[in-house]
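Please read it alongside the sequence and structure shown here.

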Amino acid sequence: PLRPYPLELFARAVMSVCVEEGVASVVLVGHSFGSAVAYTFAKMYARFTKALILVEPRLTYGCIEYQDRPYQRSQLRQRAMTMASPGAAKRFREGVDSGLTLVSPRLRTEIRAKRLGTPKHVRIASVTSVSSVWRQFRPRMPKIPVLAILGHCDGAEDQDQVLNRIAHEPTILTWADCGHYPMLEKPRRFAREVNGFLEELPSSR
């Protein structure tokens, strides 16, 4: 539907599924924009969050600063105008394709179809909606274990700095031989790192 899509909307949807399924605590895996959703979830439901695994995170969608600031609103409005401008659809397709160069042809076709199938208004609103929860929280999360896996992709340059700002001693791995989908490009290495991270989690959480 035509409506705002702030990050907490997605976080609450995840929580609804957890409650419905009777899950007591979660290790959330977030990829790309999903990492901002996972971060939001951890801020809103810290006691429920055992750990976060952030893959090729994009944590600069306004989720770090308080989004009720006039400057932040101005930035989000400008982003919305850019995403709705002539040529934006072509730039979006090119951006999608650039992140899929190292993915197998079969998965490339599937992922491309799903991403390009997202309605334009949802795509724009999801990264430009002003959150109402950030007036209640500071950017830094509680001491929740965080594993971040970064590829070699445009947009990831500042993510290690952001992660060190919002997380307590995050484990950050940079895979220079991967693009935007490390879990698909190097699935065995990804599984090995994730399993090792999970084995080290405190049993009390």
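**Nonpolar cores**

The largest nonpolar core contains 28 residues, and F41, L52, L54, L59 and M141 have the most contacts inside it. A nonpolar core is a set of buried Ala, Val, Leu, Ile, Met, Phe, Trp, Tyr and Cys residues joined through side-chain atoms within 4.5 Å; buried means under 20% relative accessible area (1.4 Å probe, protein chains only).

- At least two residues of this core come from each of helix 1 (7–21), strand 1 (26–31), helix 2, strand 2 (49–55), strand 3 (146–150) and helix 7 (159–166).
- Helix 2 gives the most to this core, namely eight residues.
- Another core, of 12 residues, lies apart from it and includes I53, L147, L173 and F190.
- Helices (H or I, at least four residues) and strands (E, at least two) are DSSP runs, numbered from the N terminus.

**Basis of the model**

- This is a predicted model, in which local features need pLDDT of at least 70 and side-chain atom pairs count only at pLDDT 80 or more, while totals for chains, interfaces and linings use all residues.
- Residues are numbered from 1 along each chain as its sequence is written, and side-chain values use heavy atoms, with hydrogens and water left out.

- S35 belongs to helix 2 (residues 33–44) and is buried, at a relative accessible area of 0%.
- Beyond four places in sequence, S35 is in contact (heavy atoms within 4.5 Å) with G30, L54, P57, R58 and L59.
- With residues up to four places away in sequence not counted, L54 touches G30, S35, A38, L59, V146, L147, A148, I149 and L163.

**Cysteines**

- C18 is buried at 8% relative accessibility, and C178 is buried at 2%.
- The whole structure has zero disulfides, a disulfide being a pair of cysteine sulfur atoms within 2.5 Å.

Notes:
Buried means under 20% relative accessible area, exposed over 50%, partly exposed in between (1.4 Å probe, protein chains only).
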